[in-house]
Amino acid sequence: MELLALENEDKRLKIQIKGEGHTFCNALRKELWNDKSIEIAGYSIEHSLTSEPVLTVEVSKGTAKKAVLDAVNRLKKLSKEFKEKSKVL
């Protein structure tokens with residue numbers, strides 16, 4: 001995964017996420033909406049075969065970058081918990 005900042009302001013972040021698709025971006029978008037400071041959280045993929053996803057995040061308080069990092073950390077924790085619980089299957 002490679003990230004390219006298209007916009008990087010305190011309250012707004014727009015990044016291109018190379019090497020990922022709907023699976024990761026949709027999970028991240030949904031997790032971002034669990035943060036009450038999120039005003040906009042979405043992504044777009046212009047063409048599934050030729051373009052990379054672009055994630056846009058806007059916050060009312062704090063910074064957009066911190067909101068994304070916090071959401072990624074929550075996803076990592078959920079993934080770890082799921083992996084541990086699935087070992088019993």
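## The largest pocket and the sheet beside the helices

In this predicted model, 14 residues line the largest pocket, and those nearest its centre are Leu3, Leu13, Ile15, Val68 and Leu69. Two or more lining residues come from each of the elements β1 (2-8), β2 (12-18), α1 (22-32) and α2 (64-86). Among these, α2 provides the largest share of the lining, with 4 residues. The space in the largest pocket amounts to about 250 Å³. Rolling a probe the size of a water molecule over the atoms shows where empty space is left.

| Class of lining residue | Number in the largest pocket |
|---|---|
| Nonpolar | 12 residues |
| Polar | 1 residue |
| Charged | 1 residue |

The strands are described next. Strands of a sheet pair through backbone hydrogen bonds, either parallel or antiparallel. Here, 4 strands form an open sheet in the order β1-β2-β4-β3, and their pairing is antiparallel. The edge strands, β1 and β3 (38-44), each pair on one side only. From one strand to the next, the twist averages 15°.

One pair can be followed in further detail. Over 6 bridges, β1 and β2 pair in the antiparallel sense. Glu7 has Lys14, in β2, as its bridge partner.

How does a helix lie relative to the sheet? The helix α1 lies across β2, β3 and β4 (54-59), and α1 runs at about 170° to β3. The helix α1 is also one of the elements that give two or more residues to the lining of the largest pocket.

Key:
Residues are numbered from 1 along each chain as its sequence is written. This is a predicted model: local features need pLDDT of at least 70, side-chain atom pairs count only at pLDDT 80 or more; totals for chains, interfaces and linings use all residues. Side-chain values use heavy atoms; hydrogens and water are left out. On a 1 Å grid over the protein atoms alone, a cavity is a set of points where a 1.4 Å probe fits but cannot get out, and a pocket is an open set with protein on both sides within 12 Å along at least five of seven lines; lining residues have an atom within 4 Å of a point. Grid points are joined across faces, edges and corners, and a volume is the space filled by probe spheres set on the points. Ala, Val, Leu, Ile, Met, Phe, Trp, Tyr, Cys and Pro count as nonpolar, Asp, Glu, Lys and Arg as charged, and the others, Gly among them, as polar. Two strands pair if DSSP finds at least two bridges between them. Axes are lines fitted to C-alpha atoms, for helices over the stretch in contact, and angles run from 0 to 180 degrees between N-to-C directions. Contact means heavy atoms within 4.5 Å.
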